[in-house]
Amino acid sequence: MSGTKPDILWAPHQVDRFVVCDSELSLYHVESTVNSELKAGSLRLSEDSAATLLSINSDTPYMKCVAWYLNYDPECLLAVGQANGRVVLTSLGQDHNSKFKDLIGKEFVPKHARQCNTLAWNPLDSNWLAAGLDKHRADFSVLIWDICSKYTPDIVPMEKVRLSAGETETSLLVTKPLYELGQNDACLSLCWLPRDQKLLLAGMHRNLAIFDLRNTSQKMFVNTKAVQGVTVDPYFHDRVASFYEGQVAIWDLRKFEKPVLTLTEQPKPLTKVAWCPTRTGLLATLTRDSNIIRLYDMQHTPTPIGDETEPTIIERSVQPCDNYIASFAWHPTSQNRMIVVTPNRTMSDFTVFERISLAWSPITSLMWACGRHLYECAEEENDNSLEKDIATKMRLRALSRYGLDTEQVWRNYILAGNEDPQLKSLWYTLHFMKQYTEDMDQKSPGNKGSLVYAGIKSIVKSSLGMVESSRHNWSGLDKQADIQNLNEERILALQLCGWIKKGTDVDVGPFLNSLVQEGEWERAAAVALFNLDIRRAIQILNEGASSEKGDLNLNVVAMALSGYTDEKNSLWREMCSTLRLQLNNPYLCVMFAFLTSETGSYDGVLYENRVAVRDRVAFACKFLSDAQLNRYIEKLTNEMKEAGNLEGILLTGLTKDGVDLMESYVDRTGDVQTASYCMLQGSPLDVLKDERVQYWIENYRNLLDAWRFWHKRAEFDIHRSKLDPSSKPLAQVDLNQTKKWI
């Protein structure tokens with residue numbers, strides 16, 4: 001205690017009581033106010049707690065320091081150090097235990113009067129009380145009293161008995177200490193060392209000294225100015241903190257020559273330092289005229305502290321109140337709880353929240369630590385209502401051997417979970433590319449194979465200016481429509497879109513049958529209509545309406561189609577234009593957009609984003625001129641690349657444009673697994689050498705290692721070496737090292 005600024009102490013064993021001491025001692029009881037209102041006369045400490053004044057003790061004037069008795073019994077025994085050097089035992093509240101009631105009012109008197117600076121109870125021998133006093137040239141400054149020692153009233157001079165405010169019964173005076181230490185010096189701070197009840201650490205005038213009571217003639221000391229506030233870490237008994245002015249010194253008693261660490265505080269002097277009793281290595285410090293308590297986390301300090309290493313310190317600050325803080329006290333049992341008092345006796349109860357440490361396992365299990373609690377959050381695999389994290393998806397796909405089917409390439413979409421339409425488009429595109437490449441290479445090696453993997457954008461460019469349109473009859477109508485003549489390149493594009501099978505036959509019948517079998521009635525009707533077969537489109541819609549999972553509204557659409565007329569000012573065209581805007585299914589919308597559009601203007605079909613890219617491209621190949629088709633494919637390719645839409649691989653192929661598109665896809669989703677397997681499918685060597693592709697491949701291999709999928713990683717490496725002969729053979733793996741990983 002300095003001047004009249006109040007100090008505050010939690011009761012060692014009564015976790016709901018604390019005392020505030022300045023000119024008097026005030027005992028408070030802390031109560032929770034979570035589910036109750038604030039009682040009359042109570043002081044609000046926090047949102048959850050309030051304090052009630054239990055008793056006041058004004059019998060000990062000139063207080064300089066206070067120490068609470070550490071034993072359970074008596075509960076409210078305190079030692080008070082006074083300005084004249086005396087130590088008085090007092091109590092807050094009546095103690096009816098006859099065994100200890102005689103201790104109340106007992107005084108321990110030094111030979112020469114001078115200020116008592118500090119008090120410390122021995123944690124093991126609870127009867128021992130150490131007192132540190134100012135310097136006197138003919139006396140000792142460290143006195144150890146036995147509070148149960150016999151009274152010595154006969155040898156006390158009467159002038160020493162008198163106090164400034166009255167007299168004390170001589171039967172309660174003790175003048176003979178148990179030990180006297182530190183002659184001709186001043187003692188500013190004291191603490192007992194928990195590792196041995198006979199060792200006392202004292203902050204003397206210019207040194208820190210360790211007194212061994214088994215041999216009081218010798219002491220171990222180190223010269224330093226940091227002699228105030230010595231305190232031992234309760235979880236590391238060889239670590240001690242002390243301070244001087246604005247610096248805190250951290251000592252290791254096993255290497256006592258110099259501090260292992262010096263913490264520089266603010267320019268203002270320190271007033272208190274204290275280790276947290278519920279947390280390892282957490283030191284709180286307070287400077288004069290400050291409303292901030294600075295915390296130093298030495299949780300990760302190496303043990304033992306080496307000669308060359310420095311402890312890792314994490315510094316942070318807390319502001320429990322707006323006013324200046326006179327003192328603070330850690331709660332003895334509640335984790336990280338602290339109470340502070342301001343110079344005008346305003347008090348605040350708060351908890352220092354722990355830093356939260358996060359750890360995320362490769363299998364998406366998230367764990368974090370906060371204080372003494374450990375929390376885990378794992379993604380439930382059976383919960384299909386939540387969108388799974390991409391890492392979870394890739395892990396499950398790796399278990400299903402996703403990407404490794406090189407014969408029926410389209411089946412990789414099934415292995416991926418059969419739920420992502422973009423993946424479906426990607427793997428069907430790669431399947432068709434592989435199929436037609438092998439067929440072309442057999443017919444004319446080195447001719448068209450590479451063009452297939454270059455995508456429809458390159459295929460269309462290669463035939464620019466070679467196609468003309470012609471009139472074709474509708475099936476089921478007495479009318480004609482302009483359709484582009486299909487050259488070899490456009491037929492190849494339709495094959496890659498999946499509308500027609502390989503060969504010279506351009507019949508879409510097999511494709512329509514497959515769509516009907518899969519229940520895609522609207523899409524099948526639209527494709528039939530785009531091939532000028534309105535009768536087949538109506539038939540498909542009626543069939544869909546009568547099926548178990550079909551929509552009865554398809555009958556209405558079929559009836560609307562059956563009344564088709566190409567008269568521009570007809571009521572049918574007017575009604576269908578309105579109906580098109582009210583339909584939810586995109587394929588039904590584009591059917592009416594096609595029928596009501598002007599010849600050569602098909603924006604209602606080409607730019608309906610909900611329609612699959614392969615269907616829009618196939619439509620464009622049948623109805624757009626070379627110049628229109630080239631512009632449309634170029635624009636659509638740029639949109640796909642920017643959006644990272646895997647349907648765009650049909651346009652870009654596995655070229656540099658394809659890598660750009662895949663980069664946008666990976667940036668959007670993080671799916672390096674699909675990117676790696678895709679780029680390995682028949683890619684030219686210059687694409688495989690792209691740094692981005694190599695980065696995806698190595699990241700996926702690292703993921704497999706992180707998941708401990710050693711065999712899956714080996715399968716991927718084998719798959720890679722088959723598709724990319726330029727990849728270097730892998731080094732032999734040390735089995736002993738592998739065991740260490742596992």
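Let me begin with the lining of the second largest pocket, whose residues divide into 13 nonpolar, five polar and eleven charged, where Ala, Val, Leu, Ile, Met, Phe, Trp, Tyr, Cys and Pro count as nonpolar, Asp, Glu, Lys and Arg as charged, and the others, Gly among them, as polar. What you see above is a predicted model, in which local features need pLDDT of at least 70 and side-chain atom pairs count only at pLDDT 80 or more, while totals for chains, interfaces and linings use all residues. Residues are numbered from 1 along each chain as its sequence is written, and side-chain values use heavy atoms, with hydrogens and water left out.

Staying with that pocket, its space comes to about 830 Å³, and of its 29 lining residues the closest to the centre are Tyr428, Phe432, Gly498, Phe511 and Arg523. Helix H4 (421-443) and helix H8 (509-517) are the elements that give two or more residues to this lining, and H4 gives the most, with eight residues.

Next, a helix pair: the axes of helix H16 (residues 626-643) and helix H18 (residues 656-669) come within 6 Å and cross at roughly 35°. On the H16 side Met640, Lys641, Glu642 and Ala643 take part, and they meet Asp657, Asp660, Leu661, Ser664 and Arg668 in H18, contact meaning heavy atoms within 4.5 Å. By class, this contact has three nonpolar, one polar and five charged residues.

Turning to aromatic rings, the count comes to 25 pairs, on the rule that rings of Phe, Tyr and Trp (its six-membered ring) pair if their centres lie within 6.5 Å, with planes under 30 degrees apart counted as stacked, over 60 as edge-to-face and the rest as tilted. The rings of tryptophan 128 and tyrosine 179 have centres 5.8 Å apart and planes at 65°, so this pair is edge-to-face.

Finally, a word on confidence: the mean pLDDT, the predictor's confidence in each residue from 0 to 100, is 83 for the protein, and 85% of its residues reach 70 or more. Over residues 153-168, however, pLDDT stays under 50, and for this stretch the model has 23 contacts beyond four places in sequence.

Methods. Axes are lines fitted to C-alpha atoms, for helices over the stretch in contact, and angles run from 0 to 180 degrees between N-to-C directions. Helices (H or I, at least four residues) and strands (E, at least two) are DSSP runs, numbered from the N terminus. On a 1 Å grid over the protein atoms alone, a cavity is a set of points where a 1.4 Å probe fits but cannot get out, and a pocket is an open set with protein on both sides within 12 Å along at least five of seven lines; lining residues have an atom within 4 Å of a point. Grid points are joined across faces, edges and corners, and a volume is the space filled by probe spheres set on the points.
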